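Student: I would like to learn how to read a structure like this one. Please take me through it feature by feature.

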Amino acid sequence: MQTLDATFSALADPTRRAILMRLAKGDLTVMELSKPFRMSQPAISKHLKVLEEAGLISTTVRAQERPRRLETAPLKTAIDWIEKYRQMWENRYQVLDGLLVELQTIQTKGDKKK
């Protein structure tokens with residue numbers, strides 16, 4: 001559950017979500033990641049640290065560069081967790097829909113008797 005908490009905590013920030021979207025297109029260095037943002041490289045590095053601690057990104061070594069890579073396993077865990085609850089609520093809504101149809105049928109029959 002701690003991994004899930006870390007994932008959702010990391011995803012709560014719009015800058016970190018934007019970083020993940022950029023990394024979904026391919027590996028990028030810190031300099032490449034920081035280009036579209038109006039913040040310092042240390043600020044970007046702090047966001048990267050949160051993402052790395054949550055397991056959402058990893059650092060690779062390529063010559064003298066250290067590009068970041070998107071790691072999808074924590075996202076898959078979050079999706080699976082959300083899906084479990086989506087299915088539960090979908091089942092409950094189907095039961096509620098059935099009850100509403102039943103009530104409408106009863107009401108319609110009652111209206112016809114008047």
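Tutor: Begin with P67, which is found in the loop between β1 and β2. Helices (H or I, at least four residues) and strands (E, at least two) are DSSP runs, numbered from the N terminus. This is a predicted model, in which local features need pLDDT of at least 70 and side-chain atom pairs count only at pLDDT 80 or more, while totals for chains, interfaces and linings use all residues. Residues are numbered from 1 along each chain as its sequence is written, and side-chain values use heavy atoms, with hydrogens and water left out.

Student: Is P67 buried or exposed?

Tutor: Buried means under 20% relative accessible area, exposed over 50%, and partly exposed in between (1.4 Å probe, protein chains only). P67 has a relative accessible area of 0%, so P67 is buried.

Student: Which residues is P67 in contact with, leaving aside its neighbours within four places in sequence?

Tutor: Contact means heavy atoms within 4.5 Å. On that basis P67 touches D27, L28, T29, S58, T59, T60 and R62. One of these, D27, is 40 residues from P67 in sequence, yet their C-alpha atoms are 5.8 Å apart in space.

Student: Which other residues are in the loop between β1 and β2?

Tutor: Among them are A63 and V61. A63 is exposed, with a relative accessible area of 78%. V61 also counts as exposed, at 59% relative accessibility.

Student: What is the phi of A63?

Tutor: Most residues other than glycine have a negative phi. In A63 phi is positive, near 55°, and A63 is not a glycine. A positive phi is also found in G55, which follows α4 and has a value near 80°.

Student: How far apart are the end C-alpha atoms of α4, and what span should its residues give?

Tutor: The expected span of a helix is 1.5 Å times one less than its number of residues. Helix α4 has 13 residues (41-53) and should span 18 Å; its end C-alpha atoms are 18 Å apart, which agrees.

Student: Which residues of α4 are buried, and which exposed residues does the face turned away from them carry?

Tutor: The buried ones are I44, H47, L48 and L51. They cover an arc of only 100° around the axis, which puts them on the same side of α4. The arc is that of the directions from the helix axis to the C-beta atoms. On the face turned away from the buried side are the exposed residues P42, K46, K49 and E53. The buried residues of α4 pack against α1 (2-11), α2 (14-23), α3 (30-34), β1 (57-59) and β2 (68-70).

Student: At what angle do the axes of α2 and α4 cross?

Tutor: Two packed helices are described by the angle between their axes and the distance between the axes. Axes are lines fitted to C-alpha atoms, for helices over the stretch in contact, and angles run from 0 to 180 degrees between N-to-C directions. Angles under 35 degrees count as roughly parallel, over 145 as roughly antiparallel, 65 to 115 as roughly perpendicular and the rest as oblique. The axes of α2 and α4 come within 10 Å and cross at roughly 75°. These two helices, α2 and α4, are therefore roughly perpendicular to each other.

Student: Which residues of α2 and α4 meet?

Tutor: From α2 come T15, R16, I19 and L20, and from α4 come H47, L48, V50 and L51. The residues of this contact of α2 with α4 divide into five nonpolar, two polar and one charged. Here Ala, Val, Leu, Ile, Met, Phe, Trp, Tyr, Cys and Pro count as nonpolar, Asp, Glu, Lys and Arg as charged, and the others, Gly among them, as polar.

Student: Which residues of α1 are buried?

Tutor: In α1 they are L4, T7 and A10. Seen down the axis of α1, they fall within an arc of 130°, so they line one face of the helix. The buried residues of α1 pack against α2, α4 and α5 (73-113).
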